[in-house]
Amino acid sequence: ISNALISKNNNIKFVLCGRDKQDYYYNNFINNRNKSNFVFFNYLRGKKKIDFLKRSNIFILPRYIENSPISIIEAMSASIPIISTNISGIPEQIIHNKNGFLIKPGDTNMLKKYINILVKNKTLASKMGKEGRIIFKNKFSNDISYKKLISLYKI
């Protein structure tokens with residue numbers, strides 16, 4: 001997360017979630033930045049998580065190891081554009097340049113680039129969020145998931 005991005009967008013907030021990660025974040029990349037731009041939670045659940053998703057402009061999940069994260073499906077259901085890594089099942093959830101951007105794990109330059117693109121281009125961010133919502137409805141909604149599950153048990 002570049003200082004330039006934060007200085008150009010003083011009101012930008014990064015909500016960082018993960019069990020007991022606040023010290024890690026501070027030690028690794030927040031140390032020399034304005035701390036008021038960062039909010040920490042161990043986990044967000046239920047209504048609080050939904051409220052944060054509804055107020056979010058971008059969902060970022062830069063993982064090294066992951067399968068098919070539910071958090072990406074939740075972000076798509078909330079019409080949020082996504083930036084994540086091109087590992088495991090994530091490319092089945094995110095179509096690069098359609099409902100978000102995919103990066104290689106550890107590629108901080110591309111992460112910064114895509115954050116900047118979505119922050120600067122609200123129209124693109126909105127379009128990607130809407131595309132994500134369509135993908136969610138067609139591929140991951142409860143109705144679709146139930147039908148897939150039931151078809152697994154049909155003989």
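**Overall layout.** I counted up the secondary structure first: the protein has 8 helices and 5 strands. Helices here are DSSP runs of H or I with at least four residues, strands are E runs of at least two, and both are numbered from the N terminus. This is a predicted model, where local features need pLDDT of at least 70, side-chain atom pairs count only at pLDDT 80 or more, and totals for chains, interfaces and linings use all residues. Residues are numbered from 1 along each chain as its sequence is written, and side-chain values use heavy atoms, with hydrogens and water left out.

I then read the order from the N terminus, which goes α-β-α-β-α-β-α-β-α-β-α-α-α. Of the 155 residues, 34% are buried (under 20% relative accessible area; over 50% is exposed, in between is partly exposed; 1.4 Å probe, protein chains only). I also checked contacts (heavy atoms within 4.5 Å): among those between residues at least 6 apart in sequence, 44% join residues at least 24 apart.

**Aromatics.** I looked for aromatic pairs and found 1 in the structure. Phe-101 and Tyr-114 are stacked, with 4.0 Å from centre to centre and 5° between the planes. Rings of Phe, Tyr and Trp (its six-membered ring) pair if their centres lie within 6.5 Å; planes under 30 degrees apart are stacked, over 60 edge-to-face, the rest tilted. Phe-101 belongs to strand E5 (residues 100-103) and Tyr-114 to helix H6 (residues 108-120), so the pair ties together parts 13 residues apart in sequence. Both partners are buried: Phe-101 has a relative accessible area of 3%, and Tyr-114 has 8%.

**Thr-85.** Next I went to strand E4 (residues 82-85), where Thr-85 is found. Thr-85 is buried, at 1% relative accessible area. A polar atom of its side chain lies 2.7 Å from the backbone oxygen of Arg-63. Leaving out residues up to four places away in sequence, I noted that Thr-85 touches Leu-61, Pro-62, Arg-63, Ile-90, Leu-102, Ile-103, Lys-104 and Pro-105.

**H6 against H7.** How do H6 and helix H7 (residues 122-140) pack? I got an angle of about 100°, with the axes 5 Å apart. Axes are lines fitted to C-alpha atoms, for helices over the stretch in contact, and angles run from 0 to 180 degrees between N-to-C directions. H6 and H7 are therefore roughly perpendicular (65 to 115 degrees; under 35 is roughly parallel, over 145 roughly antiparallel, the rest oblique). Ile-117, Leu-118, Val-119 and Lys-120 of H6 meet Lys-122, Leu-124, Ala-125 and Met-128 of H7.

Note on methods: A polar contact is a pair of N or O atoms within 3.5 Å; within protein, one must be able to donate a hydrogen and the other to accept it, and residues adjacent in sequence count only if both atoms are side-chain atoms.
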